[in-house]
Amino acid sequence: MTNYLQTVTGAAAFMKSAVRALHVVIFLILSSVLLGLPSTAEAQDYRAEAQDYRFSSFDVTGNQRIESTAILNYAGIERGKTISAGGLNDAYQRILASGLFESVEMTPRGNRLSIKVVEYPTINRISFEGNARLKDEALEALVESKSRHVLNPNVAERDAARIAEAYSQEGRLGARVTPRIIRQSDNRADLVFEVFEGGITEIERIGFVGNRQYSDRRLRRVLESKQAGILRALIKRDTLVEDRIEFDKQVLRDFYLSRGYVDFRTTGVNAELARDRDGYFLTFNVQEGQQFKFGEITTVSEIAAIDAEEYLAALKVKPGVVYSPLIIENSIARLERLALKQGHDFVRVEPRIHRNDRDLTLDVEFAMVRGPRVFVERIDIEGNTTTIDRVIRHQFRIAEGDPFNAREIRESAERIRALDYFESADVNAREGSSPDQVVVDVEVVEKPTGSLKFGGTYSTDGGFGLVITFSERNFLGRGQTLGLSFSTASDVNDYSFNFVEPAFLGRDLAFGLRAIYKENDPGEERWSNTIGLIEPSLTFPVSEHGNLAVSYRLRNIAMAIDTPLAGSLIDAEAALGDTWESSLGYNYTYDTRGGGLDPNRGVMLQFGQDFGVLGGDYQYIRTSAKAAAETKVLQEEVTLRASINVGGLHSTSGTSRIGNRFQLNSELMRGFEPLGIGPRERGLTATQDDSLGGHYFAVARLEAEFPLGLPEEYKVSGGLFYDVGTLWGLDNSSANVLYEDLSWRHVIGFSVFWDTAMGPLRFDFSKALKKEAFDREQNFNFSISAEF
C-alpha cells in the first residue's frame, strides 16, 4: 500500500512539473509572436525568470518620415518605469493602431528596448480602372484615401466597400471593387481601385398579394420603384434598391390611409431572383383591411375661455366622409388658426378617435387643451446655395419669439417642398438655449428650376407651327418667376414676357407684370393686325381655396388691309387706325382640385370682368367665367374631366374691332384653327371670307383619360374627348356676315399622353362632327416640353 502511495505521489509530482514546463513553452511562443521576441535560449531564460521590464534607453529603427519621438509617444513607455509583459503588448498595439506602419517589432534587450518599424508608403496617386457607369469624379468624392497622405489598407478596404455600395444603389448588385497597391520608389505607392461593374439587376416584375380594392396597375403607379421595360435606358428606377423599397412601403401605407383603410399594412416584401439571375420578381404582401368613414364629430374644451360649440361650427368635416389623416390635419389647423385669431396662445388641438368596428366608422373628438409654453428661439437655414433665406422664411407663419407650434412647423415644411425649388427639404426642431426655447433647423438641397419648352402644331391648311418658351421659377434665388415665350406659325407671331413676385412687400401678395406683342396675319384672311399689351396685377388669397386678382391693362391695336378685296366691316375697322384700350379688371378663382376633402375629385370656378374706362378709344365690359370638375373612377384607373367656358363683350361706347372680340383657340375648343369658327364676312369675291371674332362664346369640354394597357413605367396613357361650342354676336352686321347666330360645333377626338424623360408629350387627333361650310378644321395637334 505504501509503495502504491509513493508511486501515485511521484506521478502527481511529475505531472505538476510537466504542466509548469508546458506553461513556460506556451508563454514563450506567444511572446515571440506578439512582441517579436527571438526564440533563443537566452530570451527564454529571460522571459521565464522575469515578468516585468524597466528600460533606460530606446532604439527606434526603420522610420523614414515619422520621428522617433512620435513613435515613442504612440508606445507610451516611460524611461526607467517598470512595465509588465501585458503593458509591452499594449504599447505594441498602440503603435500599430496609429495606421502609419505596415509592421512593428519590439525586442527587449536588457534595459534597452529595440523598436523596428516598416512605414506604410505615401499615396502617390489614386486611380480607378474598369469604371464606365460612374465617372472618376463621382468615385473620388466617395473615397477617404487621399493623394500625398499615408496609405492605410483598412481605409482602402472601406473605400472599396463604399464604391461597391454606390454601384448597388445603381442596381448593380454584382459589382466588385478590389484595391491594388503598386509600389514606387522613395516609399511611395499608387492606389488603384479595380472595378468590375457587373450587369444591372433590374426589377422584371412588381406584383401584389392581398389587394382587392385596387389593382396591381394602380398600386404600381404609387411606388417609386418601377418595372424594367424597353425604356430602361431612360428610366432609372427599375433597379432593386433596398432603401427605395422601404420608401415604397411607406407610400403604400399613406395611399391606403388617405382612402380610409386604417388597418392597412405591408406584411412582407419578397424579392425572388430570376432564373437567369439578371432580374428580380418583387412581390408586396399586403393586408388592406376595411374602409372606415367619419362617424360622430364633436369638440371639447379644457380651456375655460374657449367655447367648444363655436369651434365645432368652424369644422368642415362631416359624418359619412371617407376617413383621411389629411382631413384630420386640416381640421386641427383650422381650429388652431381660430384660437390664434381670438388671441389664445399655446392652444393645442388633440384628436381623440374612437373606433366603431360594427359600422366601420371613426368618431373624432377634437379637444382644445393648453400646450407647453415653448417659444421659437431662432430659425437656422442651411444648404440654400441659390435661394435666399427670405424666400424660405416667408413659408413660415411663425417667427423668432413666437409660440412654438409643431403642426405649424410641419405645414411650413410642406410649403417649402411645394415651392419645388429643392431636391429635398428637411425641417426639424431641437431644444434651444433653455428648455422653453426651440431652434428650428431647415436643411435644403437645391435643384434646377429653369425650363425650356418646345411645342408644335399642325393643321391641314396651315402646316406646322413652332412654340419656344423659357421660364425660371426661382429667378436669382428670390422666388420670382420670369418667363419669355416666342411662337410662330404661318398666321401668328407671338412674343410675351411675364414676371411674378410672390411675396410683394413681404406679404402674401403676388405682384405680376405681363407684356405681349402679337402679330396676326391669317393666311386666309385679307387683314392683319398687331396687338401690344402691358398688364400689372396683384393677387391675394381670400379663402382657403380662393384667391382674387386685380389688374390694370393698357392695350394698343393696329389693323391693316392686305388686299382691296376685303368686306365693308373689315374696311371700316381698318379705317380707325391705331386704337388704345385702358381697362381695370378682377378675376376670382376657387380651386379644390388636389386640396379638398377628397383627393380624387375637385372643382375649379373662375369669374372675371374687365371694364374699359375713360382714357381709351373704346369703352366696354368684358365678362368671362369657367367651371371645371375632375374625378377618378374605376379604382382610380380612369380620370374624368368636364369644363364649361363662357364669355361676353358689351360695348358701352364705340364699336368693337377684331382685336377686342373673343376668338377660340385649341385651349378653349379643340378641332379648329384659331379664327377657324365664328362670324365671318364675305369679301368681294364669292370664294373669299374673313374671320371677325365674336362678342359671345360658350364651350363645353368632356374628357376621359385612361391606361392603354402598356406597362406603367412607360407613362403612356390615352384619352377621349368631346367638345361642343360656338362663337357669335357683333356690334354691326350686314348681309355679307355669316354665322353670326348661335351655331354649335361638335368635335370628338383621341389623345395620347406620354410623360417622357424630356417632358410631357401630348398628341391630339380630332374630327369635327358638325361644322359650318367656311369653318377651318385642325385635325392634329401636339406639344412637348423639356426642362433643365
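With which residue does aspartate 764 form a salt bridge? In this predicted model, the partner of aspartate 764 is arginine 762, and the closest N and O atoms of the two are 3.0 Å apart. Aspartate 764 counts as buried, at 8% relative accessibility, whereas arginine 762 is partly exposed, with a relative accessible area of 23%. The pair belongs to a network in which salt bridges that share partners join Glu630, Arg641, Arg670, Glu703, Glu705, Asp723, Arg762 and Asp764.

Glutamate 703 counts as buried at 12% relative accessibility, while arginine 641, at 27%, counts as partly exposed.

The structure holds 46 salt bridges, and one of them links glutamate 636 to arginine 218, whose side chains meet at 2.8 Å, N to O. Since glutamate 636 sits in the loop between β27 and β28 and arginine 218 in helix α7 (residues 216–222), the bridge ties together parts that are 418 residues apart in sequence. Glutamate 636 is buried, with a relative accessible area of 5%, and arginine 218 is buried as well, with a value of 8%.

The loop between β27 (619–633) and β28 (638–653) also contains glutamine 635, which has a positive phi of about 55° although it is not a glycine. Glutamine 635 is partly exposed, with a relative accessible area of 35%. Leucine 476, likewise not a glycine, has a positive phi of about 55°, and this leucine lies in the loop between β19 (463–475) and β20 (480–488). With a relative accessible area of 61%, leucine 476 is exposed.

In passing α12, helix α10 makes a left-handed crossing. On the α10 side the contact is made by Glu329, Ile332, Ala333, Glu336 and Arg337, and on the α12 side by Arg407, Arg410 and Glu411. By class, the residues of this contact divide into 6 charged, 2 nonpolar and no polar.

Notes
Residues are numbered from 1 along each chain as its sequence is written. This is a predicted model: local features need pLDDT of at least 70, side-chain atom pairs count only at pLDDT 80 or more; totals for chains, interfaces and linings use all residues. Side-chain values use heavy atoms; hydrogens and water are left out. A crossing is left-handed if the near helix is turned anticlockwise from the far one by less than a right angle, and right-handed if clockwise. Helices (H or I, at least four residues) and strands (E, at least two) are DSSP runs, numbered from the N terminus. Contact means heavy atoms within 4.5 Å. Ala, Val, Leu, Ile, Met, Phe, Trp, Tyr, Cys and Pro count as nonpolar, Asp, Glu, Lys and Arg as charged, and the others, Gly among them, as polar. Buried means under 20% relative accessible area, exposed over 50%, partly exposed in between (1.4 Å probe, protein chains only). A salt bridge is a side-chain nitrogen of Lys or Arg within 4 Å of a carboxyl oxygen of Asp or Glu.
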